[in-house]
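Hi there,

Here is the structure I promised to pass on to you. Please have a look at it first, and then read my notes below.

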Amino acid sequence: AQAQTDPRWLGSRMNEWYASASRLAPGEWGIAIADQSGQMLWSFNAEASLMPASAVKLFTTGYARSVLGGNARRATRMVGTGMIDPGTGEWLGDWALELNGDPSLERAQGSGPTLYDLAAQVAEAGIRRLNGPLRVRSADGPATAVYPSVWSIRHRGRLFAPPVGPLTIHENIVWFTVKPGRRPGERVKLIETAPSGISSLVSVRATTRSGRRSRLRLLPRAGGGWVITGTLGVRAAPRRLTAVANDPKLVLGAVWAAALRRAGVVWKRYDKSKVSFDGTPRVLAEVASPPLDSLASEINRRSLNAGAELLLHWAGGREEGPAHLMSHVQAVTGKVGGLHLVDGSGLSYEDRATAATFVSYLAKFPGTPAGRNFPQLLPSNGSGTLYRLTGGLPASGVVRAKTGTLGQVSSIVGYL
């Protein structure tokens with residue numbers, strides 16, 4: 001361990017490595033290696049302002065933790081003004097769903113809160129019937145989800161770049177799993193949807209054919225939703241088709257309707273409420289996300305761009321988040337030059353940072369009140385985006401780092 005931090009030994013080894021690596025991957029490099037105090041041990045072009053890609057999520061994690069705390073949770077609520085009819089259980093008055101950008105809402109594998117959890121609370125409160133259309137609100141502005149203007153148009157519609165905003169459900173993507181029919185010519189069968197309850201949003205027109213081959217397509221449906229077309233071999237395994245939910249309110253409505261039915265609550269969305277009440281809406285039901293630290297760990301492990309943007313919105317606001325993020329990084333590192341951030345995920349081609357700024361942040365942030373155990377929020381080697389980083393290391397978990405890949409950019413920032 002002493003030899004690895006000796007500048008002469010490290011300099012010799014790094015010079016050899018860089019000479020080889022730069023021949024294999026020519027381009028503009030920026031490298032900085034420092035000890036735990038931030039003292040530079042070896043560097044090359046460390047002050048160059050380069051595109052960091054998803055390594056920006058490391059800054060966003062630290063900033064959100066500083067503002068909100070590692071135990072903060074994001075709430076999803078049903079709110080309303082009115083009262084319950086004691087005879088029928090009908091809600092008399094107005095109601096709405098309040099979504100605040102919980103990246104774990106309806107997340108697959110049951111690792112986040114669900115709308116059924118919310119609907120079950122509604123039923124437990126004695127509400128048996130809701131009237132009126134779905135209204136969606138947010139605690140901090142319009143309940144929308146939009147494609148960030150600072151992201152390249154070429155990414156629109158791709159799974160790693162869904163709409164971002166308070167109106168987020170199942171990370172604003174959908175998937176449908178189908179299996180072949182029993183014999184050729186039969187219609188392919190839908191066996192799973194995610195989020196649960198959106199089977200009404202898909203039309204299955206694909207048919208079963210002989211053999212094992214699959215030629216399936218998931219296309220937009222006129223009027224909203226999707227269509228599965230093509231063929232699936234009768235001996236083929238089930239296939240999953242995935243798409244971005246560009247209209248998350250449509251998805252929300254389908255999932256909410258299914259959740260209410262399961263909870264035993266009748267929803268007549270085309271019937272108007274019989275009574276209108278004035279006053280501030282009160283919380284009728286509420287579910288919450290896992291703690292921020294848990295959210296951040298998952299976002300970094302899977303490098304979820306929308307999740308990182310939601311963390312930044314939560315901590316710094318929708319419009320001023322990037323400016324607050326830059327100020328945070330500059331305050332921690334004491335470095336001003338070479339830093340330009342326009343989002344919280346690093347998906348924008350406009351982001352810039354230096355290798356020296358990254359290592360300074362890594363060294364100094366754990367010493368701040370919000371920085372305790374900060375490395376544990378980053379993926380370990382052998383897992384997540386670092387699952388291939390195993391060679392030459394004694395065991396998984398000895399590296400905690402965040403990678404970044406964007407176009408012809410590759411980055412890695414972390415601890416050894």
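**Helix packing**

Helix α7 and helix α8 (residues 355-364) cross at roughly 70°, and their axes come within 9 Å. Because angles of 65 to 115 degrees count as roughly perpendicular, α7 is roughly perpendicular to α8. On the α7 side the contact is made by His-328, Val-329, Val-332 and Thr-333, and on the α8 side by Thr-357, Ser-360, Tyr-361 and Lys-364. By class, the residues of this contact of α7 with α8 are three nonpolar, four polar and one charged.

A few notes before the rest. This is a predicted model, in which local features need pLDDT of at least 70 and side-chain atom pairs count only at pLDDT 80 or more, while totals for chains, interfaces and linings use all residues. Residues are numbered from 1 along each chain as its sequence is written, and side-chain values use heavy atoms, with hydrogens and water left out. Helices (H or I, at least four residues) and strands (E, at least two) are DSSP runs, numbered from the N terminus. Axes are lines fitted to C-alpha atoms, for helices over the stretch in contact, with angles from 0 to 180 degrees between N-to-C directions; contact means heavy atoms within 4.5 Å. Ala, Val, Leu, Ile, Met, Phe, Trp, Tyr, Cys and Pro count as nonpolar, Asp, Glu, Lys and Arg as charged, and the others, Gly among them, as polar.

Helix α7 (residues 321-333) also packs against helix α2 (residues 56-68), at an angle of about 90° and with the axes 10 Å apart. That makes α2 roughly perpendicular to α7. Val-56, Phe-59, Thr-60, Gly-62, Tyr-63 and Ser-66 of α2 meet His-324, Leu-325, His-328 and Val-329 of α7.

**Spaces inside**

On a 1 Å grid over the protein atoms alone, a cavity is a set of points where a 1.4 Å probe fits but cannot get out; a pocket is an open set with protein on both sides within 12 Å along at least five of seven lines, and lining residues have an atom within 4 Å of a point. Grid points are joined across faces, edges and corners, and a volume is the space filled by probe spheres set on the points.

There is one cavity of 30 Å³ or more. The largest cavity holds about 40 Å³, and its lining includes Arg-74, Asp-140 and Arg-318.

The second largest pocket has about 620 Å³ of space and 34 lining residues, with Phe-160, Arg-302, Ser-303, Leu-304 and Asn-305 nearest its centre. Strand β16 gives the most to this lining, with five residues.

Best wishes

Key
Angles under 35 degrees count as roughly parallel, over 145 as roughly antiparallel, 65 to 115 as roughly perpendicular and the rest as oblique.
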